[in-house]
Amino acid sequence: KVILPALQLDSLASSHPVSVHVKDPKEIEAIFDTISYKKGSSIIHMLENYLGEDVLRSGLKEYLNKHKFGNAVTKDLWKALTKATGNKMNVETMMNTWTLQMGYPLISFMRGDTVDKDKQGWCVKQSRFLSSAQLNGSDPSSPPSRYNYTWFVPVQFMTDISPPQHILLNATHNSSNGHVELPAQVKWIKANLNGSGYYRVQYPAEVWEQLVTQLSTDH
């Protein structure tokens, strides 16, 4: 009820970022819509899943206590959450890619080179998911974005023979893809565990077939 409506609207070329500069008070009502509320809550949920509930709560407590008698802007929340990580992660850098540009990524798992007889390399690639591109050839790079429609994406996944693991995709042209090594005998991969990620996932056809078989026999 929260993430799917947001994903549907945010895949349109007519979407807008969560954070929008307002020039006139009359514009405020217009920008508080499904994207603002449902995408906003979805990306916070994704961040909580990545940082951990305790870290998020600690950051929120710091943020609320510091600004309880004053005003605050978005970056104040990110600074508080960064502090809660022990400054091990720059939350503002990560979350700006989600709040200052519209849309979201399609995360694709593709077979890469065979590492050895026991391991298979996989490329984990991100690209902007734009539903209208399938209908009328809309340009996925339009309108221009300062982040070029790449995101810092915490991707959590598991396979039929390995426990959950995660990889953080970087929001740069040269580092927007990730690489993982999995056992060569893997039948299926399931990413976006528990639906906590604000993205869609694509697999090779044979992986989809194995997932269907798994769900049909044991779910």
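Trainee: What is the relative accessible area of Tyr149?
Mentor: This is a predicted model, in which local features need pLDDT of at least 70, side-chain atom pairs count only at pLDDT 80 or more, and totals for chains, interfaces and linings use all residues. Residues are numbered from 1 along each chain as its sequence is written, and side-chain values use heavy atoms, with hydrogens and water left out. A residue is called buried under 20% relative accessible area, exposed over 50% and partly exposed in between, using a 1.4 Å probe and protein chains only. Tyr149 is buried by that rule, since its relative accessible area is 6%.

Trainee: At what angle do the ring planes of Tyr149 and Trp151 stand?
Mentor: Rings of Phe, Tyr and Trp (its six-membered ring) pair if their centres lie within 6.5 Å, and planes under 30 degrees apart count as stacked, over 60 as edge-to-face and the rest as tilted. Trp151 is buried, with a relative accessible area of 0%. The centres of the Tyr149 and Trp151 rings are 6.4 Å apart, and the pair is tilted because the planes stand at 50°.

Trainee: Which residues form one aromatic cluster with Tyr149 and Trp151?
Mentor: The structure holds 8 aromatic pairs. Besides Tyr149 and Trp151, the cluster takes in Trp98, Tyr104, Phe129 and Tyr198.

Trainee: How is the aromatic pair of Phe109 and Phe157 classed?
Mentor: Helices (H or I, at least four residues) and strands (E, at least two) are DSSP runs, numbered from the N terminus. On that basis Phe109 lies in strand β1 (residues 105-116) and Phe157 in strand β3, 48 residues apart, and the pair links distant parts of the chain. Both Phe109 and Phe157 are buried. With 5.5 Å from centre to centre and 70° between the planes, the pair is edge-to-face.

Trainee: Which elements do the buried residues of α6 pack against?
Mentor: Helix α6 (residues 91-99) is mostly covered, with 7 of its 9 residues buried; among them are Met94, Met95 and Trp98. Contact here means heavy atoms within 4.5 Å. The buried residues of α6 pack against α3 (34-51), α5 (74-84), β1 and β3.

Trainee: Which residue of β2 stands opposite Asp116?
Mentor: β1 and β2 form a hairpin with 2 residues between them. Thr114 stands opposite Gln120 in β2, and Asp116 stands opposite Lys119.

Trainee: What is the C-alpha to C-alpha distance between Glu181 and Gly121?
Mentor: Glu181 sits in strand β5 (residues 178-183) and is partly exposed, with a relative accessible area of 43%. Not counting residues up to four places away in sequence, Glu181 touches Val115, Lys119 and Gln120. Although Glu181 and Gly121 are 60 residues apart in sequence, their distance in space is 4.5 Å.

Trainee: Which residue of β6 is the bridge partner of Thr159?
Mentor: A second open sheet has 3 strands in the order β4-β3-β6, with antiparallel pairing. β4 (165-169) and β6 (189-191) stand at its edges, each with a single partner strand, so one side of each has no neighbour in the sheet. Strand β3 (residues 153-159) is joined to β6 by 3 bridges, and the partner of Thr159 in β6 is Ile189.

Trainee: What share of the residues of the protein count as buried?
Mentor: The C-alpha atoms fill a box of roughly 60 × 45 × 35 Å, taken along the principal axes. Among contacts between residues at least 6 apart in sequence, 60% join residues at least 24 apart. Of the 219 residues, the share that counts as buried is 40%.

Key. Two strands pair if DSSP finds at least two bridges between them.
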